[in-house]
Amino acid sequence: MKNLLAAALSVPLLALGAGAAAAETRSFKSEFSISLYGLPLARTSFTTTVSGKKFKITGAVKSAGVGAIFDDTKGNIAVDGQVGGNGV
């Protein structure tokens, strides 16, 4: 789960390197389904907004399918920051 979260958060941040100098605002939405042997366990979604050197990421995870039978898990995350001379 940690690797999935890291991948979901890092992919849109790659756009910061390409468009850090531009002041236009760009948004990216990532959605993932987590399953085991084809049975759904959870769903996640992340929205990343990049404007110049600033970024904001919001996300949610929720148990689904078979996972919801065993546990009703929900979580949210919100992060914002900016890219400086030494990176994020």
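In this predicted model, Lys-29 and Glu-31 are both exposed. These two residues form a salt bridge, with their closest N and O atoms 3.7 Å apart. The briefing below covers the salt bridges, the paired strands and a nonpolar surface patch.

**Salt bridges**
- Side chains of opposite charge can pair when their charged atoms come close.
- Two salt bridges are found when the whole structure is searched.
- One of them joins Lys-29 to Glu-31.
- Arg-26 forms a salt bridge with Glu-24, and the closest N and O atoms of this pair lie 4.0 Å apart.
- Glu-24 counts as exposed because its relative accessibility is 52%, and the cut-off for exposed is over 50%.
- Arg-26 has a relative accessible area of 46%, so this residue is classed as partly exposed.

**Strands and hairpin**
- Strand β1 covers residues 25-36 and includes Leu-36.
- Strands β1 and β2 run antiparallel and are joined by 12 bridges, with β2 covering residues 39-51.
- Ser-27 has Thr-49 in β2 as its bridge partner.
- The hairpin of β1 and β2 has two residues between the strands, and Tyr-37 in this hairpin takes a positive phi near 55°.

**Nonpolar surface patch**
- Leu-36, Tyr-37 and Leu-41 make up a nonpolar patch on the surface, and together they have about 370 Å² of accessible area.
- Leu-36, a residue of strand β1, counts as partly exposed because its relative accessibility is 48%.

Key: Residues are numbered from 1 along each chain as its sequence is written. This is a predicted model: local features need pLDDT of at least 70, side-chain atom pairs count only at pLDDT 80 or more; totals for chains, interfaces and linings use all residues. Side-chain values use heavy atoms; hydrogens and water are left out. Patches are made of residues with over 30% relative accessible area and no salt bridge: like charges are joined within 9 Å, nonpolar side chains (Val, Leu, Ile, Met, Phe, Trp, Tyr) within 5 Å. Accessible areas come from the Shrake-Rupley method with a 1.4 Å probe; for residues, only the protein chains shown count as cover. A salt bridge is a side-chain nitrogen of Lys or Arg within 4 Å of a carboxyl oxygen of Asp or Glu. Helices (H or I, at least four residues) and strands (E, at least two) are DSSP runs, numbered from the N terminus. Buried means under 20% relative accessible area, exposed over 50%, partly exposed in between (1.4 Å probe, protein chains only). Two strands pair if DSSP finds at least two bridges between them.
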